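Hi,

Here is the structure I promised to pass on.

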Amino acid sequence: MSTPRVVWLFTMTRSGSSAVVYSSAKALGYAVADEPFGPWDRTGPPYSYPPEQVELHKLHLAHDERLCTETIQLAERVFVRIAEQQQSDTVIVKLPHSMIDPAEVARFWPGHRTAFLIRNPIARLNSLYTRNWTDTIREPFDLETVRIFLHRYMHQPPASRVTFDEFTSTPRRFFRKLWAAWDAEFSDDQVEIATRYKANTYHESSGETIAGRNPHRVLSEHRTDVPKQAIDAYLNDPVVGTFLRHTGWHETASDYLSTS
């Protein structure tokens, strides 16, 4: 198989990236490389990635999570194998972590198209607490991770930036904007396929789905587990606070402490 076309979705954990990517893949016929640089062995079900995926993580980590000639060559082999396995000519790389700087992707792979997905940082943090993913929260309250992503997100052209709110409230418009950022060719029928997939499939984590679970009932949207001191830290942080004002998201602690 020839070298596949590659598109990227940069985001943070608990921001809806799994539902976004798998909905898109279902509609467009794209393959999914779900966190191929991450610390997880995804050579087994439900991913069945090639053995090189494990090697890719180890090599990327050995190079301090910086792209270099070696990691690029290995990543390209992984992309080819994933495209072959999933019988597609395009691969979506889902990356909900800060382990790769988008500027490096642009420098080493200028032909790759990228998009950036964000969720309200406090709502996203609440989701981590609600799911009890507290071991992934770096002190203090994952603020440094958020600052890094906000910096990268705001330095992208508006056409490449989408939000979790758009995904949940106006999915058809969301998919059109996202796919345009990827330079994808698509029809109205494919938009409907993605929208139906999103409405009927609940991704618990990455490619893992829960049968019968209502995707519209987002647990963290109906329960508040994030500590008040974390909310205060976010609202008082100059970077996060400025971003919340820029996007029009809530700026008072009481708004985040109340449940839906």
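Before the cavity, the term itself: on a 1 Å grid over the protein atoms alone, a cavity is a set of points where a 1.4 Å probe fits but cannot get out, and lining residues have an atom within 4 Å of a point. Keep in mind that this is a predicted model, where local features need pLDDT of at least 70 and side-chain atom pairs count only at pLDDT 80 or more, while totals for chains, interfaces and linings use all residues. Residues are numbered from 1 along each chain as its sequence is written, and side-chain values use heavy atoms, with hydrogens and water left out.

So, what lines the largest cavity? The lining consists of F10, T11, L95, H97, I100, P102, F116, F149 and R152. This cavity holds about 40 Å³ of space, a volume being the space filled by probe spheres set on the grid points, which are joined across faces, edges and corners. The structure has one cavity of 30 Å³ or more.

Now the sheet. Five strands form an open sheet in the order β2-β3-β1-β4-β5, paired in parallel. (Strands are DSSP runs of E, at least two residues, numbered from the N terminus; two of them pair if DSSP finds at least two bridges between them.) At the edges sit β2 (31–34) and β5 (161–163), each pairing on one side only. On average, neighbouring strands here are turned by 25 degrees against each other, direction ignored; the axes are lines fitted to C-alpha atoms, with angles running from 0 to 180 degrees between N-to-C directions.

Going strand by strand, β1 (residues 5–10) is joined to β4 (residues 113–118) by four bridges, with V7 partnering R113. On to β3: six bridges link β1 to β3, and L9 stands opposite K94 there. Another four bridges pair β2 with β3, where V32 has I92 as its bridge partner.

β3 (residues 90–95) is mostly covered, with six of its six residues buried, i.e. under 20% relative accessible area with a 1.4 Å probe, protein chains only. T90, I92 and K94 are buried on one side, and V91, V93 and L95 on the other.

Last, the nonpolar core (buried Ala, Val, Leu, Ile, Met, Phe, Trp, Tyr and Cys residues joined through side-chain atoms within 4.5 Å). The largest one has 76 residues, and W8, F37, L125 and W179 have the most contacts inside it. Leaving aside neighbours within four places in sequence, L125 is in contact (heavy atoms within 4.5 Å) with I137, F141, D142, V226, A230 and Y234.

Cheers

Methods. Buried < 20%, exposed > 50% of the residue type's maximum accessible area, 1.4 Å probe, protein only. 1 Å grid on protein atoms, 1.4 Å probe; cavity = no way out; pocket = protein on both sides within 12 Å on 5 of 7 lines; lining within 4 Å.
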